Amino acid sequence: TKAGVDGSYASRLVEWLANEGALTRTRRGPVESVDRARMIRRWADDYSVLRSNDARSFLDPRGVENLLRSLPKIRFRYAVTGSFAANRLAPVAPTRLAMVYVDDLDEAASALKLTSTEAGANTMLLAPFDNVVFDRARVDGGVTYVAPSQAAVDLLTSPGRSPAEGEAVLEWMARNQDKYRYDLKRD
């Protein structure tokens with residue numbers, strides 16, 4: 001199959017998701033509809049952006065806007081998530097913490113001139129547990145952002161006001177299904 005998984009596993013997964021109310025399908029037939037918000041909320045039950053990934057706190061002494069300006073100049077793979085990713089779709093509040101997926105935390109911290117810190121961080125670098133965080137990433141204004149679904153689940157599982165930002169992204173996804181589905185078809 002296109003997903004690269006065993007057909008019997010996919011069938012059991014679809015049945016389980018139907019029982020969870022995340023999708024509807026005809027009896028032993030194709031999927032008729034997907035409740036994306038419910039699917040992402042269910043994903044958040046088994047995931048935590050800070051516990052599922054190798055997360056480390058840093059300080060960009062020039063501020064988070066400097067970090068955002070620096071990202072298009074770096075030469076390694078990255079994808080912005082969290083509040084910065086949410087604010088380009090559904091702004092809630094000013095961003096105080098940048099969250100960025102990178103393959104190598106030390107290389108990224110050095111290239112971006114970040115200082116490791118335990119308190120007062122304005123940047124969180126995340127080494128992902130799986131490369132899926134880079135799937136369907138999109139460039140906007142020269143900066144690479146995770147897919148809306150990844151941003152939503154990362155925010156839903158983050159502390160502070162982040163869950164409210166995650167809900168705003170889910171609402172944006174519901175209002176922009178044609179654009180979101182179009183993005184999926186482009187892959």
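## Helix α7

Helix α7 (residues 148-156) is mostly covered, with nine of its nine residues buried; buried means under 20% relative accessible area, with a 1.4 Å probe and protein chains only. Among these buried residues are Q150, A151 and D154. Helices (H or I, at least four residues) and strands (E, at least two) are DSSP runs, numbered from the N terminus.

This is a predicted model, in which local features need pLDDT of at least 70 and side-chain atom pairs pLDDT 80 or more, while totals for chains, interfaces and linings use all residues. Residues are numbered from 1 along each chain as its sequence is written, and side-chain values use heavy atoms, without hydrogens and water.

## T81

T81 lies in strand β4 (residues 78-81) and is buried, at 0% relative accessible area. The side chains of T81 and D154 are joined by a polar contact of 2.7 Å. Such a contact is a pair of N or O atoms within 3.5 Å; within protein, one must be able to donate a hydrogen and the other to accept it, and residues adjacent in sequence count only if both atoms are side-chain atoms.

Leaving out residues up to four places away in sequence, T81 also touches others, including M99, Y101 and L126; contact means heavy atoms within 4.5 Å.

## Nonpolar core

The largest nonpolar core has 49 residues. A core is a set of buried Ala, Val, Leu, Ile, Met, Phe, Trp, Tyr and Cys residues joined through side-chain atoms within 4.5 Å. V100 is one of the residues with the most contacts inside the largest core. Neighbours within four places in sequence aside, V100 is in contact with residues including L71, Y78 and L125.

Notes: Buried < 20%, exposed > 50% of the residue type's maximum accessible area, 1.4 Å probe, protein only.
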